[in-house]
Amino acid sequence: MIEVSHIEKRFGDNVVLKDVSMTLAEGTVTALVGPSGGGKSTLLRCINLLEIPTSGTVRIGEASISFQPGKKLGWSQIQPVRRQTGMVFQNFQLFPHQTVIDNVMEGLVTVLKWRKDEARTRALALLEKVGMAHKADAWPATLSGGQQQRVAIARALAPSPRVLLCDEPTSALDPELAEEVVDVLTRLAREGTTMVMATHDLRLASRVAEHVLFLDGGLIVERGAPSRIFQTPEQERTKKFIASLS
Ligand code: ADP
Ligand code: MG
């Protein structure tokens, strides 16, 4: 249902993604792991088209878009694909001037033109799901990092994306606060939310992901089940990276 084919991304002369392809089945979780600068964030941003790939194809469900150097793409081509995605950032990125519930409702009201009362009902249900309904009227700055990230997850899920993209969702958090975010992500994974998650946290990857892609130097160096990749990596670069973490 989600297919990323032969994605290349260049920033000037710097080739940051080199012919990356992957297919995600609906209801599965894929973890992107690998050293800093390996291209994880760029790959996520190429899936939701926050970055425009230099070449390749992104297909999510029925929405598909192809890229080639010099080809200009308009909002009408980008938007149908982006709409299928929700994004969770390392630093939460809640709108600071809006309450928790307004953060979650924002996309439904302004982009999807939902009625406010219906958006509010859905937002509350999502806040309930992430254990944050009791903070619906709070300001983001009054929340802990773990609470802010749980609100960010609810916000990302509000428009019912086909895939939730998470970029290092726990790395700005102390272990204790990371745990509450891991719990939410684990629950979502169990409920069949399709996710792609960049993470340094091998424990998180082991808990939620069926597939691990090891990305280094803009290439998928190795792929497989978490237990296989983490316990018996085959490629030298993967071995070195796993060893460096333990
Ligand atoms: P990771 O998330 O695995 O740490 P990134 O995708 O952030 O890796 O970065 C991969 C490479 O792309 C890095 O060399 C980084 O400097 C480069 N890069 C990322 N974004 C930009 C940008 N907007 N402009 C130029 N170079 C970028
Ligand atoms: Mg990154």
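Modeller: Leucine 165 is in contact with Leu44, Ile47, Asn48, Thr85, Gly86, Met87 and Val196, leaving aside its neighbours within four places in sequence. Contact means that the C-beta atoms, placed from the backbone, lie within 7 Å. This is a predicted model, in which local features need pLDDT of at least 70, side-chain atom pairs count only at pLDDT 80 or more, and totals for chains, interfaces and linings use all residues. Residues are numbered from 1 along each chain as its sequence is written, while chains are lettered from A and ligands numbered from 1 in the order in which they are written.

Colleague: Where is leucine 165 found?

Modeller: Leucine 165 is found in strand β7, residues 163–167. Strands (E, at least two residues) and helices (H or I, at least four) are DSSP runs, numbered from the N terminus.

Colleague: Why does leucine 165 count as buried?

Modeller: Leucine 165 counts as buried because it has 25 C-beta neighbours inside 10 Å; the cut-off for buried is 20 or more other C-beta atoms within 10 Å of its own.

Colleague: Now the ligand. Which residues surround ligand 1?

Modeller: Ligand 1 is surrounded by residues including Phe11, Asn14, Ser36, Lys40 and Ala198; their C-beta atoms, placed from the backbone, lie within 6 Å of the ligand.

Colleague: What gives the most to the shell around ligand 1?

Modeller: Helix α1 does, with three residues.

Colleague: How far is leucine 165 from serine 36?

Modeller: Their C-alpha atoms are separated by 18 Å, and the two residues are 129 residues apart along the chain.

Conventions
Buried ≥ 20, exposed ≤ 12 C-beta atoms within 10 Å, placed from the backbone. Contact = placed C-beta atoms within 7 Å.
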